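Hi,

Here is the structure I promised to pass on to you. Have a look at it first, and then read my notes on its charged side chains below.

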Amino acid sequence: WAVPLLRCLECLDGPLRIEPASIRCEKCGTQYPRRGDVVDFLYCPNPIVVRERNAVHEIDRTKGAPPEWTHDILRRLDLDLITQQDVEQSAHVRAITESRRHVLEFLQLVPLPSHAIVLEIGADLCWSSSILLNAGHHVIATDITDHLFLAKDGDREELCRVQADMNKLPIADGAVDIVFATSCVHHSWNLGTTFSEIARVLKPKGKAYLCGEPIPTPLRYLFGGSFGKDERALGINETWIPRAEWMKASKRAGLRPTIVSPKLDAALLGERLARRGIPSFLGRVLR
């Protein structure tokens with residue numbers, strides 16, 4: 001179902017045809033390799049993408065968990081069966097668990113339309129793809145890493161997995177109802193290009209849902225310069241861009257941005273401040 005929505009990155013056209021080990025553009029002949037159901041559209045990748053991809057895979061090699069453990073975590077995450085012990089033993093599990101809660105809160109505030117075709121950028125392990133699939137949507141999940149191969153729902157017909165750069169999407173113009181991302185777009189090597197690509201692939205009246213992005217106000221921007229410092233040292237493209245730049249880039253692409261802020265209760269705020277070593281009395285200002 002997804003192939004007619006894809007386009008060649010060489011001629012920016014198509015159509016594309018599925019072959020035994022690739023997808024081939026019938027117009028210009030360019031081939032994109034395929035492993036199982038995952039197609040590699042990282043065509044002439046940007047050096048920043050290559051660096052981040054290599055960094056993630058190096059972390060996986062040295063600190064990664066077995067696929068069986070990952071599948072079990074994803075299964076229990078879907079069933080709300082993650083334990084406090086799981087969270088304490090793995091920072092990655094804690095991050096995904098928190099992000100999943102944020103996504104569910106976000107979707108309660110701004111529900112998606114029914115039975116949408118969703119392009120998810122930065123899908124990682126496809127844990128948020130599962131939320132979208134279970135809500136009745138068709139999902140094209142993209143990421144630059146091999147984490148796509150670990151998707152719990154990889155065998156579901158409604159899920160298409162594509163390795164691709166968010167700034168070079170192999171998606172036809174006006175092909176999708178929704179663009180969805182969780183803590184992804186701030187990894188972009190060019191925010192303006194990302195928003196232009198999002199606007200290009202959306203149908204008229206389509207929407208982009210960007211959840212959990214760091215879009216700091218002027219005060220947070222001034223005092224948050226250490227954001228992502230450790231990750232950047234590893235080669236991951238963590239950026240810290242002021243909120244005004246996010247809004248300008250979005251508007252330049254022809255989008256109409258709205259900031260949605262779920263309630264942050266005192267206990268959760270205190271927990272986040274304590275984790276960062278920030279005095280609690282600053283909570284009122286930072287909120």
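**Salt bridges in the model**

Counting salt bridges in this predicted model gives 20 of them. Here are a few that you can find for yourself.

Start with Asp13 and Lys27, whose side chains form a salt bridge with an N to O distance of 2.9 Å. The two residues are 14 apart and join distant parts of the chain: Asp13 sits in the segment before β1 (16-19), while Lys27 belongs to the loop between β2 (22-25) and β3 (31-35). Lys27 is exposed, because its relative accessible area is 54% and the exposed class begins over 50%. Asp13, with 35%, is partly exposed.

Next, find Asp177 and Lys203, another salt bridge, at 3.2 Å from N to O. Asp177 is in strand β8 (residues 176-182) and Lys203 is in strand β9 (residues 202-211), so this pair ties together parts that lie 26 residues apart in sequence.

Is Asp153 buried or exposed? Asp153 is buried, since its relative accessible area is 8% and buried means under 20%.

Finally, look for a group of four: Arg7, Asp173, Glu197 and Arg200 are connected in a network of salt bridges.

Enjoy exploring!

Best wishes

How values were computed
Residues numbered from 1 in each chain as written. Predicted model: local features only at pLDDT ≥ 70, side-chain atom pairs only at ≥ 80, totals over all residues. Heavy atoms only, no water. Helix = DSSP H or I, 4+ residues; strand = E, 2+ residues; numbered from the N terminus. Buried < 20%, exposed > 50% of the residue type's maximum accessible area, 1.4 Å probe, protein only.
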